[in-house]
2 protein chains.
Amino acid sequence: GSVLVLNSGSSSLKYQLVNPVGGEAIASGIVERIGESSSPVKHTFAGNTTQREEQVADHAAALELALGLFGELGPDLAHAGVHAVGHRVVHGGELFSDPVLVDDDVLAKIRDLSPLAPLHNPANATGIEVARRLMGDVPHVAVFDTAFFQSLPAHAHTYALDREVARAHGVRRYGFHGTSHQYVSGKAARVLGRRVQDLNTIVLHLGNGASASAIEGGTPVETSMGLTPLEGLVMGTRTGDIDPAVVFHLVRNAGMSVDDVDDLFNKRSGIKGLSGENDFRELHAMIARGDEDAQLALDVYIHRLKKYVGSYAAVLGRVDVIAFTAGVGENDDVVRALVCEGMTGLGIAIDPERNAGRVSEPRIVSPAWAQTLVMVVPTMEELAIARQCIEVVDGLDPTA
Amino acid sequence: GSVLVLNSGSSSLKYQLVNPVGGEAIASGIVERIGESSSPVKHTFAGNTTQREEQVADHAAALELALGLFGELGPDLAHAGVHAVGHRVVHGGELFSDPVLVDDDVLAKIRDLSPLAPLHNPANATGIEVARRLMGDVPHVAVFDTAFFQSLPAHAHTYALDREVARAHGVRRYGFHGTSHQYVSGKAARVLGRRVQDLNTIVLHLGNGASASAIEGGTPVETSMGLTPLEGLVMGTRTGDIDPAVVFHLVRNAGMSVDDVDDLFNKRSGIKGLSGENDFRELHAMIARGDEDAQLALDVYIHRLKKYVGSYAAVLGRVDVIAFTAGVGENDDVVRALVCEGMTGLGIAIDPERNAGRVSEPRIVSPAWAQTLVMVVPTMEELAIARQCIEVVDGLDPTA
Ligand SMILES: Nc1ncnc2c1ncn2[C@@H]1O[C@H](COP(=O)(O)OP(=O)(O)O)[C@@H](O)[C@H]1O
Ligand SMILES: Nc1ncnc2c1ncn2[C@@H]1O[C@H](COP(=O)(O)OP(=O)(O)O)[C@@H](O)[C@H]1O
């Protein structure tokens, strides 16, 4: 059977029909700008991509549309044998450290966690609600972005904040992109023919959102995102780490509200805030044209990454693998080379030939003599979610 | 001649009369709780400490009182030959990268920088104003906590924030405790008989406030405090690094104002927020009594320090010296040992015998075989300020 993986954003619905055993995406698609006057829709199956504009009132309409596209453009979902629907949910708080079968209680809890992820959890919950209504005959499973990091040790997940305030308001490091960090660290071990228990790994998930993790023998011991996905690395449009007093300063001196600063830090900062663009292909083109702001943006991005690598080397004591993944990590050999530059003191280096170009299969990119294996391991979050669904539904491990 | 060094806080005045050549503090004192109904006053001279309670209306009264104590308890300031008055100023913004002779224009600029340091700069300016009035016949010099870090490279002092907002409101990493980081890194080199230009040093200034710096050949290349002294390490009462979205979360869900969160992060967090106490002697006593919150506070504190050491090792590429300083760094051998534990992979280790106890003279505490020299170097901020005053006043380098 196959698994339909759904990712419901505030104004978009992404879907992918996955074969959890073979690992391939059978079909995939996206409905964007839900609720606006015109929504771009894209559906890919058997190498054919169909694009069109539709009017899509809400998430229910978006999912109905997607199910219709399966009927119209293939594959026939009845034939594909949808075994389960897997929902990506951003925030599981302290309640969910594993994927769970969705029932009314789980759905209510996902809604209750909305204060921790006000943009994401309500949309995720709506997506689940709609999907259960339209596909009531298959089990639905929620897979949480935070779940993998629920095992962080207390010294890593605790902020140096008043303990009563932290407890009362759930303020701690949760971490995100957990499915990706777990998948990539496991995949790196399998590719190397090693047991994940024997490896210390740093995963650098560098997409539009970006996060780093330190994983000791399969268990995460640090990660860069915190209470929310704002903390940590420089991202496409997010600041990552910044003096929290910048918030106080801007509210007092720039006539901004807290909501304004939230918007500024999350949507108008990062690479885009420094350079005007947030796609790394464009950033490199600007640098080639001599744009100094673009150069500074890249320098700040790389500097932050180096600091995290060093920091996690200290936490792990010994680093066996550094795995680059996601849009930038897989495709941008310049970023990979710059992060590892000048790090031979830490046993880290890049081989320019091995590193060259975009990477679509797991690959080692460090020289033979380097102590730490630098790798590129393409992430497959939908596949990882699909497999976790099967585990929950069957009580079996499909990768075993 | 001698130099009178003044540190004017919002409700306190600290003073020290320093011999900038010999390096000793001739006399020192503090007036606390200025403006309250009763102010504790302390004056130390020639091994005698006098303590009493006085009524002190404002900073002018505090300085008059201090000058009176010199007359009453010694030394006689006329005899001591006060050559200059040195003022510690917290924020120099982008205007001051060196100590300067105070005139009306400098004083106005220090006031203008108040939005960047609303608690400190107004008090510093008041202290200068009063001192110039009462001691009009000697030159006054302002020495800025931020000055040393004005030479941070752009990739280290730039936040990944919208460039227009950053420019308009002076939002960047400034760094603080600069006088201490500069003094300690220079002193470490002198003690080792090396040129500061040849050494890469990490300074860990661990007092009630705490900050780390990476110094490459005498030039700072990173530091942990940012726009304000809130960012970075876990401190006595400050959070240090925390997801800035925690501010948004508490304002929205905890009924707190931005001022409440500022107060929470700066005064009710850190070691105190986690354990109830902010003095490390008390913290260790609590841990010995089995207090789990105190243990967690120490674990969080040490974990953050390890991350900074690793991070700065990556930035520097090679670390020759790690120098511990200030109240905790000089006196707490347990903290020093824990920070360096499990770091042999980075060439960092502690020798338990060399490390044992409190340290009052610069000392190496790493084993002979370790690549990186771990040192304890007591900071002498007043002496460093006094020497910088003399440099400014005489146009000479008193250490040459
Ligand atoms: N060929 C490429 N070279 C450099 N960067 C690329 C390339 N292709 C994609 N990217 C980067 O990857 C980013 C998207 O990464 P992705 O992992 O898909 O992000 P997310 O899932 O967080 O939205 C783009 O914004 C772009 O910066
Ligand atoms: N013997 C000691 N052992 C451990 N910690 C000590 C000892 N003496 C002082 N400290 C710590 O040093 C701190 C003060 O450091 P200091 O550098 O004077 O701070 P600041 O100048 O930032 O106010 C105290 O709060 C205490 O935690």
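Mentor: In this predicted model, copies are superposed by least squares on the C-alpha atoms of residues with pLDDT of at least 70 in both.

Trainee: By what turn can chain B be laid on chain A?

Mentor: The superposition gives an RMSD of 0.1 Å. The shift along the axis is 0.0 Å. The turn itself is 180°.

Trainee: Why do this turn and shift matter for naming the relation, and what axis is it?

Mentor: Chain B is brought onto chain A by a turn of 180° with a shift of 0.0 Å along the axis. That is therefore the relation of a two-fold axis.

Trainee: What percentage of the contact residues of chain B recur in chain A?

Mentor: Contact here means heavy atoms within 4.5 Å. The same surface serves both copies. The share of chain B contact residues that recur in chain A is 100%.

Trainee: Which helix supplies the largest share of the shell around ligand 1?

Mentor: Ligand 1 has 13 residues around it, and those that come nearest are Asn208(A), Gly209(A), Phe280(A), Gly327(A) and Asn331(A). Two helices of chain A, α11 (280–288) and α13 (326–331), each supply at least two residues of this shell. The largest share, 4 residues, comes from α13(A).

Trainee: How much of the accessible area of ligand 1 does the protein cover?

Mentor: On its own, ligand 1 has 580 Å² of accessible area.

Trainee: How many residues of the shell around ligand 2 are charged?

Mentor: The shell around ligand 2 holds 13 residues, Asn208(B) and Phe280(B) being among the closest. Of the shell residues, 3 are nonpolar and 6 are polar. The charged residues number 4.

Trainee: At what distance does a backbone N or O atom of Gly327(B) lie from an oxygen atom of ligand 2?

Mentor: Ligand 2 also has an oxygen atom 3.0 Å from a backbone N or O atom of Asn208(B), and a nitrogen atom 3.4 Å from a side-chain N or O atom of Arg281(B). For the backbone atom of Gly327(B), the distance to an oxygen atom of ligand 2 is 2.9 Å.

Notes. Residues are numbered from 1 along each chain as its sequence is written. Chains are lettered from A and ligands numbered from 1 in the order in which they are written. This is a predicted model: local features need pLDDT of at least 70, side-chain atom pairs count only at pLDDT 80 or more; totals for chains, interfaces and linings use all residues. Side-chain values use heavy atoms; hydrogens and water are left out. A residue is near a molecule or strand if one of its heavy atoms lies within 4 Å of it. Accessible areas come from the Shrake-Rupley method with a 1.4 Å probe; for residues, only the protein chains shown count as cover. A polar contact is a pair of N or O atoms within 3.5 Å; within protein, one must be able to donate a hydrogen and the other to accept it, and residues adjacent in sequence count only if both atoms are side-chain atoms. Ala, Val, Leu, Ile, Met, Phe, Trp, Tyr, Cys and Pro count as nonpolar, Asp, Glu, Lys and Arg as charged, and the others, Gly among them, as polar.
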